[in-house]
Every structure is written in C-alpha cells, then in structure tokens.
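Biologist: I would like a close look at one part of this chain, taken residue by residue. Could you walk me through what the coordinates say there?

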Amino acid sequence: MRSLASIVLAFESVVLALVTPVMISVADIRPAVAIPVCLGLFVLALLAAGLLRFQAGYVLGSAVQVGAVGLGFVVPVMFVLGLFFAAFWVAAIVLGRRIEQAKKAHEAPTG
C-alpha cells in the first residue's frame, strides 16, 4: 500500500510545483501568495510520502488531496487534476490493502 501511495504523492508533488507558474502567469495571483501555497502543498506531499509508514502520512496525504482540489477555486483545471489525484489516492489505498491481504493469505500456512 505504501509504494502505491508514495507514487501518487510523488507525481502529485510535481504537478503542485508546476501549478505555481500557472497561478502567477495565467490566474494573476501574486507570487507572494502562489509560491507559499503551491510549494507548501508540494512539500507536504513529499513529507506525506516519507511518513507513509505511519498513519500520520496517510492523514497528511489526504489533506494534500483536499488542498489540491481546493486549488481549483484559483486555477479551474486543478478541480480536474485534483479529483484525478484524489481518485488515484483512494485507489492506491484500497488496492494496496487488497494486495497486502492477498500476500498474507498466500503466505499463511495451509494445513
């Protein structure tokens, strides 16, 4: 589960970093606002990926998903991208749990 979730957060962090110039040039958001918001979410996504061995990593990762969707109020395309990443996030958690359960069932001794 951790590896799938970390992949989602890593790709999302790239998108969050790249949204910064879009906010400044297209949405006319002041750099003093755009840089801390977008790069703050970028750092939080990377931090969450590093903390995925703990429950706090998943909570922080979920908060990043909310923040990414929330950027859609400033850059409308982020509604779409944020929802895609939120769906990938949920899928990574659900599929990751299924994979872990299948591994446990496979490793369990049959007798």
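Modeller: The model is a predicted one, and every value below is computed from it. Helix α1 covers residues 2-25, and S13 is found in it. With a relative accessibility of 3%, S13 falls under the 20% limit and therefore counts as buried. A polar atom of the S13 side chain lies 2.6 Å from the backbone oxygen of A10, a distance that is within the 3.5 Å used for a polar contact. If neighbours within four places in sequence are set aside, S13 is in contact with F42, A45 and L46.

The loop between α1 and α2 (31-50) is the place of D28, a residue that is not a glycine and yet has a positive phi of about 55°. Most residues other than glycine have a negative phi. D28 has a relative accessibility of 65%, which is over 50%, so this residue counts as exposed, whereas S13 counts as buried at 3%.

Turning to the surface patch, V77, V80, F84 and F88 together form a nonpolar group there, with about 380 Å² of accessible area between them. One of these residues, F88, is found in helix α4, which is made up of residues 77-107.

Technical notes: Residues are numbered from 1 along each chain as its sequence is written. This is a predicted model: local features need pLDDT of at least 70, side-chain atom pairs count only at pLDDT 80 or more; totals for chains, interfaces and linings use all residues. Side-chain values use heavy atoms; hydrogens and water are left out. Patches are made of residues with over 30% relative accessible area and no salt bridge: like charges are joined within 9 Å, nonpolar side chains (Val, Leu, Ile, Met, Phe, Trp, Tyr) within 5 Å. Accessible areas come from the Shrake-Rupley method with a 1.4 Å probe; for residues, only the protein chains shown count as cover. A salt bridge is a side-chain nitrogen of Lys or Arg within 4 Å of a carboxyl oxygen of Asp or Glu. Helices (H or I, at least four residues) and strands (E, at least two) are DSSP runs, numbered from the N terminus. Buried means under 20% relative accessible area, exposed over 50%, partly exposed in between (1.4 Å probe, protein chains only). A polar contact is a pair of N or O atoms within 3.5 Å; within protein, one must be able to donate a hydrogen and the other to accept it, and residues adjacent in sequence count only if both atoms are side-chain atoms. Contact means heavy atoms within 4.5 Å.
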